[in-house]
Amino acid sequence: MSGVNQLNIYNGDETLEFTNVLKSKWNKIHDESTVFRYKIDKIGEKMLDKYFLQLNPDRCLKRRIPELIENIMQPFDIDKFNFNKVSKEEVMFTFTSKDNDTHTILVNVSPISRYHSLLCPFVNECLPQVMTEDSLKLTLDLLFLMQDRELRIGFNSLCAFASVNHLHYHLLFEKTTLAVETADVQHIKGNLYKIDKYPVPAFCFEVQKETCNTTTREIFMLLKYFLDHSIAHNILITNKRSSGKFDKDVARVFIWVRKSTSGVKNFTAFNVAVCELSGWFPIFSEEAFNTLKPEDLEKELRKWSIDNFNDKIFDQIKTLF
């Protein structure tokens, strides 16, 4: 990828302005190139009770057709679209981690909102969209490095509305506090919590910056259970917000287990992936944007909740820790 900026994220002098540089490069590509499938200029926004709605019909109409996904461990297919096939204009940064592995940050050419980007860890290894412990640690390092209260990092597993079967995370920037970030959490054990008073229950880990490696291993124990049992999942990585305060040194990792979806995505008013589960709803229809009520959103979210979460899955998960 000649001509792409190289960025070593472990060099403190270079990373002080990382967020500003990312946003500047994103804007330049958005405004001066033709790589985006549509422009993010004027998106309707509103709060609906505690939920944040954005009107973005272009994301439904103009995005790349998602890949056909049949199972949570579907192998990578070199003949399908993957992030090694993108144009060089889409690449904002490549960077290396301590072991000299190469990672890429791309613009998302079908963005949910401004600055929506993709982190593609170990991009040349052609890994399927199955979270790895190393890639999870990388995203947490990036979150702590950037110290940006607008940044959230999302992950959709296969059979949980992932569109591309090539390992990637969504980098999303939004000023609004999301519903899940203020939800009550119940302490279970150690760094493990769960949220119950929410349309779809979730596990939650609190990750202290200084003990990130240990907690990452614990999180991956949980994810391995999901993978071993073919349980689809969506993950939001965000800084802790408590009593309105933003903690740059503590992350929360919300993990939803959910009913699987297979085949190609079926667009209606909205899909239920990591954004929607967190309380952020990109809406595809102006009519839906104007008429949806909070109970409509919650009803759709609950459709994807696993029926035996508390009776079986939660009890089994507790034995892992």
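Searching the whole structure turns up 16 salt bridges. A salt bridge here is a side-chain nitrogen of Lys or Arg within 4 Å of a carboxyl oxygen of Asp or Glu. Keep in mind that this is a predicted model, in which local features need pLDDT of at least 70, side-chain atom pairs count only at pLDDT 80 or more, and totals for chains, interfaces and linings use all residues. Residues are numbered from 1 along each chain as its sequence is written, and side-chain values use heavy atoms, with hydrogens and water left out.

Let's start with lysine 23 and aspartate 148, whose side chains form a salt bridge at 3.9 Å, N to O. Lysine 23 sits in helix H2 (residues 18-32) and aspartate 148 in the loop between helix H4 (133-146) and strand E6 (151-156), so this pair ties together parts 125 residues apart in sequence. (Helices, H or I with at least four residues, and strands, E with at least two, are DSSP runs numbered from the N terminus.) Lysine 23 and aspartate 148 are both buried, meaning under 20% relative accessible area, while exposed is over 50% and partly exposed lies in between (1.4 Å probe, protein chains only).

Next, look at glutamate 181 and arginine 152, which meet in a salt bridge at 2.9 Å, N to O. Arginine 152 belongs to strand E6, and glutamate 181 to the loop between strand E7 (169-173) and strand E8 (186-189), so the pair ties together parts 29 residues apart in sequence. Both glutamate 181 and arginine 152 are buried.

Finally, find lysine 259 and aspartate 307, joined by a salt bridge at 4.0 Å, N to O. Lysine 259 is partly exposed, at 33% relative accessible area, whereas aspartate 307 is exposed, at 69% relative accessibility.
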